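Good morning, colleagues. Please look at the model on the screen while I go through its features.

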Amino acid sequence: FHFHGQAWNVVLFGKKRWLLWDHARFEHNSTRQRMFALEHPDAPILSSPEWIRRMMPHPHRMYELRNHGHDCIQHPGEMMFVPRHWMHMVVNI
C-alpha cells in the first residue's frame, strides 16, 4: 500500500484491481495502517498479488475493506481518480 498526491489513471488495455481507503481512515493512526498492511511488525513487505492472496482473506482485513475501503476493477478506456493521500494498492490483472 502507498499514497501520494492526487492522480488520474487511465487503462488503455488489460485491467487493474484497485483497493483504496480514504486518507482519514489511517490519518494519525500508523498502528492501524501497519496492522492492516503487515502480518506482524517485523514481517517483510509483500508484493500486491501476494498480499491479496495471503493477507486479504483474514477476517479483520475483509471487515476493514467491506466497511471502510473500496475494491474495484478498472477496465480499458476507464479513468480512475485517486484523491490526495488515499492509501491504495493496484494490481494488473
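I begin with Pro 83, which is partly exposed at a relative accessible area of 21%; buried means under 20%, exposed over 50%, and partly exposed in between, with a 1.4 Å probe and protein chains only. This is a predicted model, in which local features need pLDDT of at least 70, side-chain atom pairs count only at pLDDT 80 or more, and totals for chains, interfaces and linings use all residues. Residues are numbered from 1 along each chain as its sequence is written, and side-chain values use heavy atoms, leaving out hydrogens and water.

Pro 83 sits in the loop between β4 (79-82) and β5; strands here are DSSP runs of E, at least two residues, and helices are runs of H or I, at least four, numbered from the N terminus. Beyond residues up to four places away in sequence, Pro 83 touches His 4 and Gln 6, where contact means heavy atoms within 4.5 Å. Its C-alpha atom is separated by 9.3 Å from that of Phe 3, 80 residues apart along the chain.

Overall, the chain has four helices and five strands, and buried residues make up 29% of its 93 residues.
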